[in-house]
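Please keep the sequence and the model in view while reading.

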Amino acid sequence: MKHIYFLFCCLFIFSCSPQNKTQKPTWLFGHWERTNDTDDKKTYEFWSKDFTGLGFTLKESDTVFKEHMRIITKNDTLYLEVSGVHETPVLFQFTSQTDSSFTCENPENEFPKKITYTLGDKKLKAEVSAGDFKIDFVFQKLQNFE
């Protein structure tokens, strides 16, 4: 009987252990095209299996915006690192995450302070915000690049 009690206690302790919070969002992988862009622009995000991303906007054949992104782990915490916009890379700490969404924040950054990605209905949605001001991005996956 002592063995059963010991086994039960061990199972209980291990089941209460914290879950691995550093699950990176594999659902980002792929080439995405923005569907709610202005008529004269095309915006894309390309996410690789090494959790690096490239976001860029074209106006005709000119690149008018470009950023590099990557999801990294520091001290068991996930961060979205964005570079190419400011002089130095900016880190946004993951503050919440589900199997189809994540939110990351950096209250010290001027804009955005908060970035949220959500996958649903075969669309990737991103929202960048600071206070009441926000910009919504809606992407669809480009099938030719899977």
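Of the 146 residues in the chain, 35% are buried, where buried means under 20% relative accessible area, exposed means over 50%, and partly exposed lies in between (1.4 Å probe, protein chains only). The model is a predicted one, in which local features need pLDDT of at least 70 and side-chain atom pairs count only at pLDDT 80 or more, while totals for chains, interfaces and linings use all residues. Residues are numbered from 1 along each chain as its sequence is written, and side-chain values use heavy atoms, with hydrogens and water left out.

The chain contains 1 helix and 10 strands; these are DSSP runs numbered from the N terminus, helices being H or I runs of at least four residues and strands being E runs of at least two. Read along the sequence, the order is α-β-β-β-β-β-β-β-β-β-β.

The next topic is the open space in the model. Rolling a probe the size of a water molecule over the atoms shows where empty space is left. Here a pocket is an open set of points, on a 1 Å grid over the protein atoms alone, where a 1.4 Å probe fits, with protein on both sides within 12 Å along at least five of seven lines; lining residues have an atom within 4 Å of a point. The largest pocket holds about 520 Å³ of space, a volume being the space filled by probe spheres set on the points, with grid points joined across faces, edges and corners. Its lining consists of 28 residues, of which F65, E67, V85, V128 and F137 are the closest to the centre.

At least two residues each come from β2 (41-47), β3 (52-59), β4 (62-74), β5 (77-83), β6 (90-98), β8 (114-120), β9 (123-130) and β10 (133-141). The largest share, 4 residues, is supplied by β2. By residue class, the lining divides into 18 nonpolar, 5 polar and 5 charged residues, where Ala, Val, Leu, Ile, Met, Phe, Trp, Tyr, Cys and Pro count as nonpolar, Asp, Glu, Lys and Arg as charged, and the others, Gly among them, as polar.

Attention now turns to charged pairs. Side chains of opposite charge can pair when their charged atoms come close. The whole structure has 5 salt bridges, each defined as a side-chain nitrogen of Lys or Arg within 4 Å of a carboxyl oxygen of Asp or Glu. One of them joins the side chains of E33 and K42 at 3.3 Å, N to O. E33 belongs to strand β1 (residues 30-34). E33 counts as buried because its relative accessible area is 14%, whereas K42, at 43%, is partly exposed. The two side chains also make a polar contact at 3.3 Å, that is, a pair of N or O atoms within 3.5 Å; within protein, one atom must be able to donate a hydrogen and the other to accept it, and residues adjacent in sequence count only if both atoms are side-chain atoms. Leaving aside residues up to four places away in sequence, E33 touches K42, T43, Y44, V138, F139, Q140 and L142.

Another salt bridge links D37 and R34 at 3.5 Å, N to O, and both of these residues are buried. A bridge between E127 and K134 also spans 3.5 Å, N to O. In that pair, E127 is partly exposed at 25% relative accessible area, and K134 is partly exposed at 45%.

Several backbone details complete the tour. The peptide bond from F111 to P112 is cis, with omega near -10°, and P112 sits in the loop between β7 (101-105) and β8. D76, in the loop between β4 and β5, has a positive phi of about 65° although it is not a glycine. With a relative accessibility of 64%, D76 counts as exposed. D121 likewise has a positive phi, near 55°, in a residue other than glycine. This residue, D121, lies in the loop between β8 and β9 and is exposed, at 74% relative accessibility.

Terms used. Contact = heavy atoms within 4.5 Å.
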